[in-house]
Amino acid sequence: MSDGVGAPDDGVRDDAAERRSLEQYRTLTNAIDDGIYRLDTNGRIAAVNDAVLEQTGYAREELLGEQLVALVDEDDLARFDRALRGRLETGDAPETTLELAIETADGGRLLCEVRFNVLEADGEFEGVVAVAREVDGAPERGRSDTVWEADESISSVIDEADVGVFVLDETFDVVWADETVETYFGVDRDELIGRNKRTVIEETIRNRLADPEGFAETVLATYDDNTSVEQFECRITDGPDGKERWLEHRSKPIESGRYAGGRVELYYDVTDRKRSERARRESELRFESLVDAVDEYAIFVLDPEGRVQSWNRGAKRIKGYDVSEIVGEHFSTFYTDDDRADGVPERNLERARTEGSVENEGWRVRADGSRFWANVTITPIREDGELQGYAKVTRDMTERREREQQLQRERDLTERILETSPVGIAVVNPDGSTSRANERMATLLGVPPDESSEYAAGQREMYDAEGRLLPIEDRPAGRVFETGEPVYDREIRLDRPGRTRTWLSINATPIGTDEEVPEQVVVTATDITDLKELAERRKRELEEREKELAAVKLATSLLETGDRPVEELLEEFVSKLPRSFRYPDRTAAHVSVGEHEAATDAYGTFERQITAHASTDSGTSIRIDVGFVEPPPESESDPFIDEERELIDTLATLMTFHFERREYIDELRAETRRLEQFAYAASHDLQEPLRMVSSYLQLIDQRYGDEFDADGREFLEFALEGAERMRNMIDGLLAYARVKTRGGPLGPVDLDAVLEGARSNLEMRIEESGADVEAESLPTVEGDEHQLRQVFQNLLENAIEYSDDTPRIRVSAERRGPEWVVSVRDEGIGIEPEDREQIFEMFQRLHSRADHGGTGIGLALCERIVERHGGEIWVDSEPGEGSTFSFTLPVRGSPEG
């Protein structure tokens, strides 16, 4: 009986060509480590390769002719049949993958990943080729003897489970869990029964996961949409057995039976698989499926002369030739011109023939002329000792070669960086010897570069920042070997023979495996000698400046006390000034500002003293004198150092600034009073002549108005309107000038009542315009009731005046910390952004009088009143969207209020 894939159902033909082809495929399949099965149209095993015999322990004769059920149980066979029927009905996928448990000759069960392809000829089904790859580290699948076998849909899933199982009903309450769940998640499965799985995740399970948020989000999402199969990996960081492990979650909805609408969740321990994943992936790439199903490898057969006899899909993908283009061509087509000229193809065939197999790497050429780096294995195919041809397997290694070259370039770059780094770098062994050190580290240690690897701990004395000698075990590398923890920015002093002391900043980090004791320690050292010396100099300078700073702080604090009497200020200043000098008990001081002066009790005329002069812009003289009451120490040639001379100059300058500011403030206050008096007097004195002009204009209108022609009437109306505007402007100017001088005392003011008063004053205007004025409850504040009513009245008038349609006005208040923000919002024509600042200036108008009336004083008056109350006013507006005028008032009882 044949063991070759592709053997006919009725036995091996006698035809020599068929036998050679069969032998070729037998050699190919036996060269692959995965188990390969050929099933006929009735599901009987028609052929297997040697790997199947090694996996299962059966002899070939025991398997050939047997049904597949001899190797898998009924449930797995049913899954295989469903997948096969789906393939035959849809014809979608080129290959289908399942996990099946294969029974071995000794009664064991081997979990395998099985991929199969359908064999067809002229559209007719001729059987199946399946490739079985053992899942590394997969435990033997067991059976549950619980009552859950009574439900077919749940039982079929549980039978596939290798590890932890949760069974959930349609409300996602836990109805069953196995013992493995307790091991993985540290829960008592008896306490789980009846609890909602969402609650179990949130209260118990999620905190054991490395990514609790991602785990909870993914699992809970399956309960929200219980229609799909979910599979992902997660990591347990705090298992009940103290172990960290990787789990693979697999879950799917229960579609029938007692718990239809529920869900079953399986958790596989894939920790070992994760560790060996890379090796397994490489193996999977080498032997993914049988010959034509292999996509990552070009696998084909050559005749004894080297002509291509077969061609798989991987070969087409890698080399770019269709089967019709390449079969019959010599395999030297794939080699470069240089290799062909050098006879490389022929030598490779000869070596394979004589040595049994040959493997090499080199450049190969694709159909489009491009090159790729190939790993090639050529194995001879023999029958009864006679050479029938060669099996050739080619893999595209271009990316790997580029990665290796890139890695080598990075190693070279790292080596160059290591040797040119300004930082000393060394690798230290546990015994204190040096495995490797760069040239900079050798220089810092004071050893020749070619002897740096011979340096051992203890050859140089090292001291800590306090000057204590460091034993070897307390040095940075020694601490890392002892604790396993890195050491950063450790400052040590190194004493080298014949050299000045050197200060180093040391970092030391462990390298090696996860074991407690590091294999080695990387030490980096930076020379900070210059920085240490600079720090010492700066420290000494800082100490010398501290007294100067204290004196400046003293002067600043004294001068910031506002309108404190000059005599009192000078007395305190001169009493504390000597403390800022090196010999305060021997120092006396005298300070004068204009006609005011103050001095310490011991002040007089001294031979040794220093003086600072200054004067304000108005000519006020400022002088500071400091002298020695007693002779200075004999070691001092000059009792005053430069810093002390600079100090009194600085103090004199600060005092100048202070008194100039006081003089300027006094001058501003006087000027403000004069301007207010002038504005009041000017506006008051203008009222009488304006009243006379208005009266005579009215008399002319009454007595002679009928005698004027149209122009005369127009001129008279202009004059009357102008006089009226002048009167309104004078009234506004008087009100503006009186805000601070004639304002009432500040007291509790109910803003609701104030707003109601403003609305009452504007009652006729509101009725005429049909304005809709709404107001929220307003607070009680500290203020001038009359002036605040004026603010509301002006803002309401503006809102009515600048509304195109029926005015809609809303008044509200909001507390923000220590102040109230009162807002008046309208839905009027709005204000351009560039005009928002100027509307609060005196006599500023944005529209002509023909469009909108007013004097241009109303908003300026509002601003002045709000400022008197310690607040500010502003506007937020967009053209066509309306305006919101807001102003702040301190909360009653606050420091500002």
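Let's start with a charge over a ring: Arg-250 lies over the face of Tyr-268, at 4.3 Å from the ring centre. This is a predicted model, and it holds 17 aromatic pairs.

**Phe-581 with Phe-640**
- The ring centres of Phe-581 and Phe-640 are 6.2 Å apart, and with their planes at 85 degrees the pair is edge-to-face, because planes over 60 degrees apart count that way.
- Phe-581 belongs to the loop between α20 (566–576) and β21 (587–593), while Phe-640 belongs to the loop between β24 (621–628) and α21 (642–704), so this contact ties together parts 59 residues apart in sequence.
- Phe-581 has a relative accessible area of 1%, so it is buried, the cut-off being under 20%.
- Phe-640 comes in at 4% relative accessibility and also counts as buried.

**Phe-628 with Phe-640**
- Phe-640 also pairs with Phe-628: their ring centres sit 5.2 Å apart with planes at 75 degrees, so this one is edge-to-face as well.
- Here the link runs between Phe-628 in strand β24 and Phe-640 in the loop between β24 and α21, 12 residues apart.
- Phe-628 and Phe-640 are both buried.

**The cluster, and a lysine over one of its rings**
- Phe-300, Trp-311, Tyr-321 and Phe-334 come together as one aromatic cluster.
- One of these cluster members, Phe-334, has the charged end of Lys-319 over its ring, 4.2 Å from the centre.

Terms used. Residues are numbered from 1 along each chain as its sequence is written. This is a predicted model: local features need pLDDT of at least 70, side-chain atom pairs count only at pLDDT 80 or more; totals for chains, interfaces and linings use all residues. Side-chain values use heavy atoms; hydrogens and water are left out. Rings of Phe, Tyr and Trp (its six-membered ring) pair if their centres lie within 6.5 Å; planes under 30 degrees apart count as stacked, over 60 as edge-to-face and the rest as tilted. Helices (H or I, at least four residues) and strands (E, at least two) are DSSP runs, numbered from the N terminus. Buried means under 20% relative accessible area, exposed over 50%, partly exposed in between (1.4 Å probe, protein chains only). A charge sits over a ring if NZ of Lys or CZ of Arg is within 6 Å of the ring centre and within 35 degrees of the ring normal.
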